[in-house]
Amino acid sequence: MSIAHEYNFDGLIGPTHNYAGLSHGNIASTSHKGAVSRPREAALQGLWKMQCVAGLGVRQAVLPPQERPDLAALRRMGFTGSDAQVIERAASEAPHLLAAVYSASSMWAANAATVSPSADTADGRVHFTVANLQSHLHRSLEAPATETALRRIFRDPKHFMIHPALPATAALSDEGAANHMRFAAKHGKAGVEVFVYGRGGVADAPMPRKFPARQSLEACRAIARLHQLDPARVLFVQQNPRAIDRGVFHNDVVATNHENVLICHEDAYVDTAGFVANLRRAMRKVCDDSLHAFVITRKKLPLHVAVKTYLFNSQLVAVKNRSFFKGLGLVYPIECSRFRASFMGIMELGNRQCPIGSVMVTVKESMDNGGGPACLRLRIVLTQAQARAMHQGVLWSPALNDQLVAWVNKHYREELRPDDLRDPKLIREGRDALDALTGILGLPGLYEFQQQ
């Protein structure tokens, strides 16, 4: 077994963070459509969350935001002229398209890719498959830039394999690590990888009626093949369609895990009890380890409260205080404390049977736009050699944090209203910010506008 550690790569929230309500099926996103956003506050909240997680002893890193607006996408849709003319014409003729190309949704790094550590893969490399996010226009634009960023950060082919996004079709719809979990006795040991899908499988499988099932079974199977995973160490499980119709658009809205610990809602899957039993058997058989599963019932925590508070979108992480159960802490959003049922769920995890510590964070700007603490990070398990091989400029440190705080305060607007998206000055402001960021992170030429 190699010594390995989990790195949390958080998406830096970009300067065009706004509330356009683009994500059908995400109740928080659609319910805040048209609200005034606070990009500066959003980015500072994200940085504060990173600082809190790093303070627990978790290895922390950052993923840069993508350039927005995506003017190239608008030009592919037939809008011509100068940058300002393209923006004005889109604002007049197709404001929904303008909103899509301005979205800062790459902040939710849990959707950037699916990652398998080298302990699980046949060739002993860390495998990444970029998510195609084809279910929504604004998110489907992210894949090329995500691939570019991952290739710059994890560029050594001896240690890393970056797979481009699967073909952007409904049959291969892929939402990344938000629908993926990995279980193992230790990060450096081979584990069981769980792929959660919303549609596919048997012809008469239940399907949601109100909201779309975003992840397909065929996409999950394709990623398992690409990552060279042992079929004996892979499980596929279907989301509960009734949960999807209640706003559970990704698995990480109803489940969180760390090593051999699972915390999920009773209504997470079509057959939650059966899934837990199968996972427990797999852990014993192929990992020689026991699963510690904690299923919170709908009686104790109604599903709609779980969705509203994002309790399960908390980050379950290893902390320095080993007096907790397996040294685990739950980084949860402040919204949980405002709902008795959700807060009692946290208290239940802190009892003598499962003494998990808890740390509260505020990411209100992200929450109001549909993403909790766990949405903001991509978990990547790396050995010491792999950690040395990746680009070091993205690793969180107090000094980097201070630089990023100053960068946000200099470049981000305090408020952003829907009509502000037609302001051509926002294009230059964003590029100036990203140009400065690549200098801070040591990633020159990361963006296409820097290469012109």
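**Helix packing and selected residues in a predicted model**

The axes of helix α2 (residues 39-55) and α15 come within 9 Å and cross at roughly 170°. Axes here are lines fitted to C-alpha atoms, for helices over the stretch in contact, and angles run from 0 to 180 degrees between N-to-C directions. Helices (H or I, at least four residues) and strands (E, at least two) are DSSP runs, numbered from the N terminus. This is a predicted model, in which local features need pLDDT of at least 70 and side-chain atom pairs count only at pLDDT 80 or more, while totals for chains, interfaces and linings use all residues. Residues are numbered from 1 along each chain as its sequence is written, and side-chain values use heavy atoms, with hydrogens and water left out.

**Helix pairs around α15**

- α2 and α15 are therefore roughly antiparallel to each other; angles under 35 degrees count as roughly parallel, over 145 as roughly antiparallel, 65 to 115 as roughly perpendicular and the rest as oblique.
- On the α2 side, R40, A43, L44, L47 and Q51 meet N401, L404, V405, V408 and N409 of α15, where contact means heavy atoms within 4.5 Å.
- Six nonpolar, three polar and one charged residue make up the contact of α2 with α15. Ala, Val, Leu, Ile, Met, Phe, Trp, Tyr, Cys and Pro count as nonpolar, Asp, Glu, Lys and Arg as charged, and the others, Gly among them, as polar.
- α15 also packs with α16, at an angle of about 170° and with the axes 10 Å apart. That makes α15 roughly antiparallel to α16.
- L400, Q403, L404, W407 and H411 of α15 meet D432, A433, A436, L437, I440 and L441 of α16. The residues of this contact comprise eight nonpolar, two polar and one charged.
- E414 sits in the loop between α15 (398-411) and α16 (425-441).
- Leaving aside residues up to four places away in sequence, E414 touches S37, R38, P39 and R40. The C-alpha atoms of E414 and A42 are separated by 9.5 Å, although the two residues are 372 residues apart along the chain.

**Helices α4 and α5**

- The axes of helix α4 (residues 83-93) and helix α5 (residues 95-102) cross at roughly 130° and come within 5 Å. α4 and α5 are therefore oblique to each other.
- I87, A90, A91 and E93 of α4 make the contact with P95, L98 and Y102 of α5. By class, the residues of the contact of α4 with α5 are six nonpolar, no polar and one charged.

**Helix α10**

- Helix α10 (residues 272-286) has 15 residues, which should span 21 Å at 1.5 Å a residue; its end C-alpha atoms are 21 Å apart, which agrees. The expected span of a helix is 1.5 Å times one less than its number of residues.
- The buried residues of α10 are T272, G274, F275, V276, L279, A282, M283 and V286. Buried means under 20% relative accessible area, exposed over 50%, partly exposed in between (1.4 Å probe, protein chains only).
- Those buried residues of α10 pack against β6 (180-183), β7 (192-197), β8 (234-238), β10 (261-265) and β11 (292-296).
- D288 follows α10 and has a positive phi, near 50°.

**The loop between β2 and α3**

- Q66 is placed in the loop between β2 (59-63) and α3 (71-76). Q66 is buried, with a relative accessible area of 10%.
- The side chains of Q66 and R68 are joined by a polar contact of 3.1 Å. A polar contact is a pair of N or O atoms within 3.5 Å; within protein, one must be able to donate a hydrogen and the other to accept it, and residues adjacent in sequence count only if both atoms are side-chain atoms.
- Residues up to four places away in sequence not being counted, Q66 touches S106, L141, E142, A145, T146, L434 and Y447.
- P69 also has its place in the loop between β2 and α3. The peptide bond that joins R68 and P69 is cis, with omega about 10°.

**Other single residues**

- D368 lies in helix α13 (residues 364-368) and counts as buried at 12% relative accessibility.
- A polar contact of 2.5 Å joins the side chains of D368 and K364. D368 also touches Y19, A28, S29 and H32, not counting residues up to four places away in sequence.
- Q228, in the loop between α8 (217-226) and β8, is a residue other than glycine with a positive phi, near 55°. Q228 is partly exposed, with a relative accessible area of 33%.
- Y310, in the loop between α11 (303-309) and β12 (315-318), is a residue other than glycine with a positive phi, near 60°. Y310 is buried, with a relative accessible area of 3%.
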